[in-house]
Each structure stands twice: as structure tokens, then as C-alpha cells.
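Me: I'd like to take a close look at one part of this model and then see how it sits among the rest. Could you walk me through it?

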Amino acid sequence: MKNWFKKNDRLLAGTILAGASVVGLVAPAAAQDAGVGDEIVVTGSRIPQANLQSVSPIQVVNDEEFKLQGTFEASNIINTLPQNFQTPGVDFSNTPNPLSTPGGLTTANLRGLGPQRTLVLVDGVRLGVGDVHSGNPNPGPNLDQIPGALVRRVEVVTGGASAAYGSDAVAGVINFIMMDNFEGLKVDAQYGFAQHKNDNEYIQGIVRGNGLPVPEEDVSGGENGDFNIVVGSNLADGRGNVTGYMGYHRQSPVTQAERDFSGCLLASIGTDFICANSSNSNSFTSLDTGNRFSQVGTQFLPWPNATSNPPPTFNSSPFQFLSRDDTRYSAGYFAHYDVNDHFSFYSQLNLMHDRSTLNVGPSALFQQNGVVSVNCDNPLLSAQQQTVLGCTDTSIIPDTDPLRPGNQGNASLIIGRRSIEGGPREFSFDHTSYRLVAGGRGEIVDGWNYDIYAQYYYTQVEQGYIGDLNKNNMFKALQVVQTAAGPQCKSQVDGTDTLCRPWNIFRDGGVTPEALAYIGTDAQAWGRGQQQVVSANINGDLGTFGIRSPAAEDGVALAVGTEYRREEGYFHADPIWASGALTGTGGALGVTDGSYDVIELFGETRIPIAQDKPFFQNLVVEAGYRFSDYSLAGETETYKLGLQWSPSEDLQFRGSFQHAVRAPNIIDLFAPLGVTNSAVLTTDPCAGPVPTATFEQCARTGVTLAQYNSGSIIPCPAGQCGVEQGGNPNVLPEAADTKSLGITFTPTFISGLVISVDWWDIDLEDVIGVVPANVAFNNCLLNNNPVFCNRITRTPQGFLFGDTIAGGGYIFTPGDNIASGHTAGVDVQASYTLRMGEMGSLSTLFNGSYIDKAAVKSDADTPEYDCAGLYGIVCAITPNWRHTMRVSWDSPWNVMASLQWRYIDGMLLDADSDQPVIGGACCDPIDHRMKSVSYFDLSGIWDINETVSLRAGANNVLDRSPQVSPGLGISGVGGPNAFPTYDLLGRTVFVGLTASF
């Protein structure tokens, strides 16, 4: 087969530890990326070396993996790695939770420590934060900016790497090595779609039993396409090269209505699931009488009433997107020119514009929006409704309107009324980014080289919110009086708002288009982030001065340098969004505006102690140090120490210790305080006519005896209680100590076999984070912890939901250096190639990760809890074991066939664990344990001739449905009753064509 050995070598290198001795397998290809002789720079170190050996475990994913998985999306590749996590509410993906206010991007989350602790590089240069939305608590680089068609390979270092790269590399580093020496023209086109058989009869029965539509049995959609052009040319007899590219990506949405498991918001009750849906649909609660009603016809009848329109609870799922609608354009170039041995100029320019949209259910006057006053002589009220509201009772608030003296006063209500007449809401996200790198490198003297570069990175987001409602206008539209011209708003009569039109939600069909136009509104928000980097380093071989170990051939290598970085972020909304008048966004969207800079000095050394000696084929010590001076966070120090020992060519041992830091980012420091409602705490045990907590417990959280005995506290609507959150300019850098021990086995007596096992341990201190609202609330309720009790602010009525700081109804969850974490486990990688003569070769790649510990201590006074092997509202999804295994046959007929097995271990519900902070409720009869799941992907590549290559495949070829986890209480309100770690779309099919000239 054409390029038979080359193709096998690339496959063998894919997803195998670069710390293994795979010089003969990947070094020839990797050396083309180097700009200094035949040496390369391994991710995690700034010292060039002649092979891919490293003291830290490194996974390598080659460019062919993109083709075999049928994607040019960098996030899709990263998400298949067992070392990477997808957590709803933390990570962004192509299948996001549509209720998340920020969106339209994708992020990486190594070891489950958060996107803000995963550093992303492009050719060793830091990629800036992709979105500065103040509602994003875990900002990270946007992987959508990576041009997948230009990726040569991806190197992933798990564990701290701050000594080499500075802040954010606590969990690890993802380095995209780009193709910068292409010559010719390459055109690539790909088309794909999703296909699924809805065969969950149990869930379908639940959905159907609630009078909701069930999707068709066989569905297909989510069409997606990519078109990429790469053109390159060598310059001056190979002394330089310019490689340019243009890309187009289009992805059609899939709605939750197209999958049976997401047909409605599920909750678990006893041994069954139910459609929980949202109580913000047709609910009127009188604070004067304490009764709750639905509007039916022209009457108020006890809630819930099955005949009401809107229904007593509302199912938003059919309106919501399971995968986003996305259109992306990208372009750029990679260029270099060798002037002479002493100076080589290089430059990169990457441009991207991405527009993404997400649909959400119709907006509403939400119960969280606070107390609503309706005047008792409102002509829109029937006599029965006036009586039900107690409008003759002396408890009604007296009216002080001078235009209508002597009326009956106002009834005080909590209303949850879905605006079904207005249709769904739509979020749109426009991300535009560009990145310019320019630098020079070359030889100073023999054995010593320099590299100096500057980078400017800019990203902006324009966010639109279409189809929401104006709370202030709704309140005015419910204050209506009778005039000679018919019912009119009071504000129309007194001239304070002549545009007001009555909003008649007291009778079927009463809402007019004019009222909809008045209460409806759109909103916009804008943001930008900037990063400026200037870096310079010198590296060389002290062996040129005779500095080497007497037992080693290679000299001591050294790299020293300095770096300056400035980060800026600004985000603001239009007046209506900023004021908190929107009903569907969870509160006011404040201004984020801030910047900081840092000056750093770093150094690194690699010391060969012994080489080619008995029992010491190779013994190398590495050390590194970085000093950082932040304008806001102060001074930090990071350092590393590593050891490699190869007693023979067959065996290598390695170990490392790294002290890493993460300085607070723009959001950590400057995000404004605001109130939103979150499914992290779904239930107020002090609410309802029969509270599940005692009065003594409830009193700790701010409940009065009268409120408790009357049962007047309304439960948190839609399973979302209030939280107050935001940035803190006083937070300090967090720190992590990372340890790893590994062994690599490359037996010379079994050619083509590589096995690597690494133990890793990451211990975090002074973590910047928040105590989860449910943990904080339970620490007060159950343990009477004054720290957390002081953070609970109920409304005057005792409610634990709201949308303003002044109005109350929330748990304060500030960002601070309060937490610690400890995660540890073992990674296993293996590869083997079997040469089969005329039948080609068979290659096997295996990458597995075992998590032994994933512990969190939210503050000094709270016991530690460990999420390893658990799933749920606190732990999200943390399986003990995940792996991928790919078997590829490279046939003699120019065809490669490949089968991949992806496995996710089963897990226990966190609430059922024996850990008192998060568990102790064992055993949930339906959600107690999540089963393990296996996915199989089948693909092939056919090199038709020297010019044209065809590929096709199906991921999740058996169309395995995701594990169902109720959206209410486990996987999160707004989601599809499943975690995004699983395949949510079913079988995805693709076909692609590459033509090279």
C-alpha cells in the first residue's frame, strides 16, 4: 500500500505515551516540526531533544484520528480521551445545556478539574480564554478556534506544567501541533448526520401518559458538513514555507423532542420516573389567603388542574436544542523563512467567526420574579376570581392610587405563567477571534539557540436573546382599570407609560398580540477579551563547554527565559438586561471590566547522569523553576523535578514532582455579584404545607415560626433555588502539587509492542471556587454551621428563590480560596503492530484511565467528600474507569479499516454513598446505580489513487442510547436527562473526500 510504513507509524504513535521510547515511530514525522536542527520540543518542556522521551506522561493523538472519527472538531477528539471530562454547567460542548446563559463554544477539562485549570497551546504558545461572559464561572480556551484540518498531532500532558508554561496548567496541557510546511493544494469535504431509533418504551409511556408527544421511532437529522482548503508553497529552495487555509463548518440542530429519553424533564419518585416539568406554567398563589390556583376559563380552580391552558406544569423539552445550531468560518496562515543559521522568522495568523444558536422553552412570568400586585377592581378579573383572591378581606393591601380612590386595594400574588402565546426563546452567540504570532529563532553559537516571539490574541462575543419578557412591563400590564375606552393599564391612564397594554391572563384566549408586543422584549450583550504575550528564551547544551557527567555522552541542557503577559476582559449588557428586568435570565447581568499583567522568569535543565552503561542505558534528571509577579495576585513560584531511568532498552522508569499554580482569572476577580436560580439545590425542605425538616432546623435558615406553621413557604419553582454569586478581587492564586510515577515496557523480543503505566496524584490547596449551594444549605440546616447560616437570605415571605440581591431568596456562594482537592489514579497506554506480510498490518491502540480518588473539601469546617466512582448533582459523572481501544487493519489494497471501543464504567449515585456531606440517603430505588456502557465506532479510509482519498464511518454504530439520569435532581434542569459524557445523538454517520494536488 502507498506509504504503508508511514501510515502504520502514525497510527502506532496515536494516543500512546510520548514518554515511551518511540523514537523510531514518531520522531521522523515530529522532527519536521522542529526549527532547531533535528531536535524537537516535547510538550511540558522547553528544552529541545532528539526524541519524544518525557518525565511526564503524554498522550499523542495524530491527524489520522480526526479522519477515523469523522470530525474536524478539536473538542470531539479531546472528549474521547479518558483523561478528559464533560461536566454539565462547567464544560461547554456541541451538546450543551440550553439553560446555560453563556454558550456557543467548546472547552477541555482534563482530570475533571475544570477548563480554567487546563492550559491549551498552539505550537507551544498559549491560547487565550474563549469567552469573557460574566455568567461563565469556569472560563477556558475555546477549542472551536483550532483549525482541525491543519492539526498534525495533539500532545496532552496530564498533571501540572506551570513551571514550563505558567498559570492554568494545574490539570495539564493540551498542545496542538499544526502543519506549517505543506506544499500543494488540498481540498477536503465531509458530510454527516445523526440517526437514532427511539425504543425506550418505558420513558415513552411516561411521556405519553402526561399527554405529551412521543417522537417517531426512527429519526435522523443534525446534518453537518465541513469544507476545508489548504494551500502551501515552499520558498527559496525550501528555506521557507507559507501554508494557508480556509474552513467552513455547518451543523444543524437536534431538538430534545427528537429523542424519547429527553421528551420531558424527568424526576424520580420511588421506583418510577415522572415528568416533572416546570411549575412556571399556570400557577397563581395568593399570599393573602395562602391558596394556590390555576386559571381555567374565567375561574381560579385549585392547582393543579388538568384542563387548564396553559397546563398546570409546562414541558419545555420539545422546544430545547439537544445539539446546537452552528455555522463557522475560519482562515489563516502559518509561515516561516530561514534567513540564515542565526535567524529564522515565523508567523501565524488564525481567524475565526462562529455563530451558534440555542432554543429554549417559552419565557414566563416566573415565580422567582417576586411578588405581583393585581388590583382587586381589575376588570379582567371575574367575580369568582376576585372572591378567590379574598378581595373583600381587610388583609388586602390598601390602594394609594390617587386616580382611583376608594377601590378595593391590591391582591399580592406569586405567579408562574408561561407565555405560550409568545413561542420559544432563542439564544444566539457570535464569537469572533483572531490570533497573531510573530517571532524569530536561530542559532547564537554552536549548540545554543534563541526563540523570541510576541502574540496578540483577541476574542469578542455578541450575544442575542430573543423572545424574553420584560418583568416591569408585565407588572404594569396587570394593573388594569375600566375606562370609557375599555380596560386600560393604570399607567396608560396616568400617562406614565402610554404604550402599556393589559395582559389578560385571567381567561382563556385573553392575551392579545398588542399585549404580547408590550411585554415581549429582546436583549443583547457584548464582551471582549485580549491577551498580549512577549516571550524570550535561550536554550543550549552546556556540553559545548565540557559540562557533562563523566558517565554520559550528552551534555547538560539548559533553557532560561522571560515572559510578559497581559490579560484584559470586558463584558456588559444592554440596559434592560443589565437592570434585571428580563424574566428568563435569572437576574441582572452586571458589568465585568478588569485586567492584570504578569512578568515571569523561568529556567529548566536536563542533566544526563549516565548513558549506555550496564543497568543504566539512560539516567536523566530534569528540574525547572518559574518566578511570577502578578499585578493583582502577587508573587508565585512554581518548580518541577523529574527522573528518567532506563536500565535497558526494554524498560524505562520515570517519576516527577511539580508544584503548579493558577492565578485568578478575569471572571474570578471581576465578575459582578448577581442572583440566579440553580438546580444545584433543587428542594427547600422547609417549604410547603408539610415541611420535611423540623422547625429547629428551618429556623437556622431564616424561617419564622409563623411561616413554618402556616406552610406558606412556596417550594423552589422548577427545582431551582436561588444563589448569589460573583467575582472576588481579593482571591489569591491556588496551588497544586502533582506527582507521577511511571514505567514503559518496549520489549525488543516483541517488535512493535509498547506498554506504559503511570500513577498520578494531584493535590490542590487554596482552590478558587464556591461551596455548592446544596452543601452550604445542608451545613446550616443539619449542622447549624454559622458560616453557612449567615449566607442564607430568604425573602420576607420565607422563600428561597428570587432574582435580586435586595429582594432576597438565595444562598450566597462567593468565590474564595476556601477549598482543597485531591485526585489520583492510574493511566494505562499500550500499542502493538503486527506485520502480516502481504496481508498488511494490524495495529492496536489502548488508552485507559482509572480514578482512585476525586476528593473535594469545600471549606475548612466541612468534611471531605470523594466523587470517584459516583455520579449525581454534586459529583456530576466521575467513573472509576474509562478507556478507548482502536484496532486498525491496514490492508494491501489501499484500504484501512478501523474499529474503536469506548468504555465508561458504571457508577453509584452520590446521594446513596456513605459520605455524610453528599450522601447517606441510601438507597434510591431507581437511580442507585448507573450501568457501564460501551460504544463501538467503525470507520475506513480508501486511498483511491495518489490524489483522492475517501473515508466513511459510523460512530456509536450500534446506536446505544445514553444512560438516563433525571434532569431534576441529578443531571440538571434544562439538560436531556443524561450527562454529555455519553453519546446523546445516537449513531452518527459520516463520509468525506480528500483531494491533494
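Against which helices and strands do the buried residues of α15 pack?

Reply: Happy to. This is a predicted model, so local features are given only at pLDDT of at least 70 and side-chain atom pairs only at pLDDT 80 or more, while totals for chains, interfaces and linings use all residues. Residues are numbered from 1 along each chain as its sequence is written, and side-chain values use heavy atoms, without hydrogens or water.

The buried residues of α15 pack against the helices α13 (695–700) and α16 (786–789) and the strands β35 (721–725), β38 (792–793) and β39 (810–812); contact here means heavy atoms within 4.5 Å. Helices (H or I, at least four residues) and strands (E, at least two) are DSSP runs, numbered from the N terminus. Helix α15 spans residues 773–781, and eight of its nine residues are buried, so the rest of the structure largely encloses this helix. The buried set is A773, N774, V775, A776, F777, N779, C780 and L781. Buried stands for under 20% relative accessible area, exposed for over 50%, and partly exposed for what lies in between (1.4 Å probe, protein chains only).

I743, F745, F749, I750, I755 and V757 make a nonpolar patch of about 460 Å². Two or more of the patch residues come from each of the strands β36 (734–745) and β37 (753–769). V757 lies in β37, and its relative accessible area of 32% makes V757 partly exposed. Patches take residues with over 30% relative accessible area and no salt bridge, joining like charges within 9 Å and nonpolar side chains (Val, Leu, Ile, Met, Phe, Trp, Tyr) within 5 Å. The areas come from the Shrake-Rupley method with a 1.4 Å probe, and for residues only the protein chains shown count as cover.

There is a negative patch too, formed by E553, D554, D612 and E649. Asp and Glu count as negative and Lys and Arg as positive, with His and the chain ends not counted; each charge is placed at NZ of Lys, CZ of Arg, CG of Asp or CD of Glu. D612 sits in strand β30 (residues 592–613) and is partly exposed at 46% relative accessibility.

As for charge pairs, the structure holds 35 salt bridges, each a side-chain nitrogen of Lys or Arg within 4 Å of a carboxyl oxygen of Asp or Glu. In one of them, D144 meets R324 at 2.9 Å, N to O. D144 is in the loop between β6 (125–126) and β7 (151–158) and R324 in the loop between β18 (321–323) and β19 (325–340), so this pair ties together parts 180 residues apart in sequence. D144 and R324 are both buried. Another bridge joins K853 and E864, with the closest N and O atoms 3.5 Å apart. K853 belongs to strand β41 (residues 841–857) and E864 to the loop between β41 and β42 (865–866), so here the tied parts are eleven residues apart in sequence. K853 is partly exposed at 22%, and E864 is partly exposed at 40%. Bridges with shared partners also link E73, D144, R324, D326, R328 and D354 into one network.

Finally, some backbone details. The W303 to P304 peptide bond is cis, with omega near -5°, and so is the bond joining C922 and C923, with omega about 10°. R111, not a glycine, has a positive phi of about 60°; R111 is buried at 6% relative accessibility.
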